[in-house]
Amino acid sequence: MSQLSAGIGRRAALAAGGLLLAGGATRARAQSPTLRIGVLTDLSGPYKDITGETGAICARQAVADFNAAERGLQVEVLLADHQQRPDVGMAITRQWFDRNDVDVVMDVGSSAIALAVSNLVAERNKVHLNTGAASSDLTGKACNANTIHWPYDTWSNANSTARSLLRSGGDRWFFLTADYAFGRTMQADATRIIEKEGGQVVGSAIHPFPGNTDFSSYLIQARARRANVLAFANAGTDMLNCVKQAAEFGLMRGGIRPAALVAFIQDIKSLGLETAQGLTISESFYWDLNDRTRAFTERLKPRLTNGNMPNMDHASAYSATLHYLKVVAELGATRAKADGREVVAAMKRMPTEDDCFGAGTIRADGRKIHPMYLFEAKKPAESTGPWDLLKLVGTTPAEQAFRPVAEGGCSLAAN
C-alpha cells in the first residue's frame, strides 16, 4: 500500500508541477479563477497511443483556438496516468479535487475507471467529459447529471459494424471479449443488434485484461463453432494481437471475417495495410474526412511532437474542451467552478459546433450526437502517405447513430 501511495504521490506531484497555462493571461485579467481540466488517461499501457498524451495536446489546442486568455479565462490542463487501474485512477481524481482544484475530468479511456470517476464527479458536483471510455452504460443505467459521453460508445460501434456485416452475409458471430466493463458491454450491445437483425451468436470467449498475449485457444473455438464473423470486443494491443494471430491461423482464408468493433487509425498503422487492408472500422472522426478535419489537423501538427495523429478520442478532447469553454464564457468562471451540474445542463442546451465533428447536440442522457462513419483500410497501393490509411464506405446519420434515448434506461431521459 505504501508503494502505491508513494507512486500516486509522485505522479500527482509531476502532474501538478507540469500544469500548462494555456495562453498568456495578463496580470490584469488574473482576477478570474483558474479553470483546471484533468486529462486522466493511459500513458504507459495498451491504450497510450489511442488515448494518452495526444488527448491533452488536443485539449490545449482547443484552449488556444478559443483564445481563452484574451477572453479573460485562465485555463490549465493537467495530465496523469491511471495505469489501467481503478484504484490508481480514483486516487488521482480525489487528489485533483481535494488538492488541485480540478473542475473537469476528461478522457479516462477505461470503462471501469470511467464509471467509477463518473460517480465521484457527481458526488463532488464536478464535470466529467468522457472522451475515451466506451461503455454505453455511461448514458444508460449509470448516467448522471454531471457526465457527458462524447465520441462513440459500445452501442454506436456495434450498431454501425454489425449491421454492415449482417447485410453482407456475416450471420454467425463468435466474440472474443476483454474481461472488463468495456468488453462485456460491447458484446452485449452487439448481440442485441445481431439477434434483432436475424443473425446468431454461436459462441464467445472472455480473455483476461490486461496482460494476455496468446489468443490461440479462443481462435480455435471460433473455427470449431463454424463462425463466419470473429468479433473482437477488445481494443489496443489485444485487438492487434487477435488480428495478427487470426491471420496466422488462416481464419480469414477459411472464410471467417474479422470484425474489430473498436479500432482506431493507430491500429491500422500498427498492423500495416498489407495485413489490415479491407478491415472495416467505425469512427466518428478521421483527419482526412473533409476540409474542416484537415484544417484542424494542420493546426494541431506543430504540437504533435510524439509522432501521433488524432483519432476520434483525441478529436473529442478538442471538441469537448471547446464546448465547455463556450459555456464557461457565458456563465463566468466563478459560477462554472461552483456548480458542475449547471455547466453540464448548459452544455446540453447549447448546440455543439467545431471542426472535428461539425454541428451536433447533446441529449438529456448526456450522449453527444453526431454521425458515425464506416471506413475501410486501404490497399497498400491506394495509400499516398504514412497516415493515408482509410477510405469512407458508409455513413450513419446522427439521428440513427446512437442508441435511442428511451432504450438506455437513463433516469435523466424522462426529465
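The following legends describe close-up views of a predicted model.

Figure 1. The domain assignment divides the chain into domain 1 (35-152 + 290-366) and domain 2 (155-283 + 372-398). Taken over C-alpha atoms, the centres of domain 1 and domain 2 are 27 Å apart. Domain 1 contributes 23 residues to the contact, and domain 2 contributes 21 residues.

**Figure 2. The largest nonpolar core.** This core holds 109 residues. The members that touch the most other members are L129, W173, L230, I268, Y324 and M347. Helix α12 (residues 312-331) gives the most to the core, with eleven residues. Residues of this core come from both domain 1 (35-152 + 290-366) and domain 2 (155-283 + 372-398), so the core lies between the two domains.

Figure 3. When residues up to four places away in sequence are not counted, Y324 touches L35, I37, D103, V104, L129, V343 and M347. Two of these residues, L129 and M347, are listed with Y324 among the members of the largest nonpolar core that touch the most other members.

Figure 4. Three strands make up an open sheet in the order β11-β15-β16, and their pairing is antiparallel. Strands β11 (280-283) and β16 (390-396) stand at the edges with a single partner strand each, so one side of each has no neighbour in the sheet. On average, neighbouring strands of the sheet are turned by 30° against each other, direction ignored.

**Figure 5. Pairing of β15 with β16, and the helix packed on the sheet.** Six bridges join strand β15 (residues 372-377) to β16 in the antiparallel sense. Within this pairing, L374 stands opposite G394 in β16. Helix α5 packs on the sheet and touches β11, β15 and β16. The direction of α5 makes about 55° with that of β15.

**Figure 6. A salt bridge between R163 and E197.** Side chains of opposite charge can pair when their charged atoms come close. The side chains of R163 and E197 form a salt bridge, at 2.8 Å from N to O. This pair links distant parts of the chain, 34 residues apart. R163 belongs to helix α5 (residues 154-167), whereas E197 lies in the loop between α6 (181-196) and β8 (200-207). R163 is partly exposed, with a relative accessible area of 27%. E197 also counts as partly exposed, at 41% relative accessibility.

Figure 7. R335 forms a salt bridge with E342, and their closest N and O atoms are 2.4 Å apart. R335 is partly exposed, its relative accessible area being 44%. E342 is likewise partly exposed, with a value of 21% for relative accessible area. In another salt bridge, R124 pairs with E123, the closest N and O atoms being 4.0 Å apart. R124 is partly exposed, with a relative accessible area of 29%, while E123 is exposed, with a relative accessible area of 62%.

**Figure 8. A network of salt bridges.** R36, E76, D101, D103 and K337 are linked in a network of salt bridges. One of these residues, D103, is also touched by Y324. The count of salt bridges in the model comes to 24.

Figure 9. Phi of Q83 is near 60°, a positive value in a residue other than glycine. Q84, which is not a glycine either, has a positive phi of about 60°. Q84 counts as buried because its relative accessibility is 10%, and the cut-off for buried is under 20%.

How values were computed. Residues are numbered from 1 along each chain as its sequence is written. This is a predicted model: local features need pLDDT of at least 70, side-chain atom pairs count only at pLDDT 80 or more; totals for chains, interfaces and linings use all residues. Side-chain values use heavy atoms; hydrogens and water are left out. A nonpolar core is a set of buried Ala, Val, Leu, Ile, Met, Phe, Trp, Tyr and Cys residues joined through side-chain atoms within 4.5 Å. Buried means under 20% relative accessible area, exposed over 50%, partly exposed in between (1.4 Å probe, protein chains only). Helices (H or I, at least four residues) and strands (E, at least two) are DSSP runs, numbered from the N terminus. Domain bounds come from an automatic or database domain assignment. Contact means heavy atoms within 4.5 Å. Two strands pair if DSSP finds at least two bridges between them. Axes are lines fitted to C-alpha atoms, for helices over the stretch in contact, and angles run from 0 to 180 degrees between N-to-C directions.
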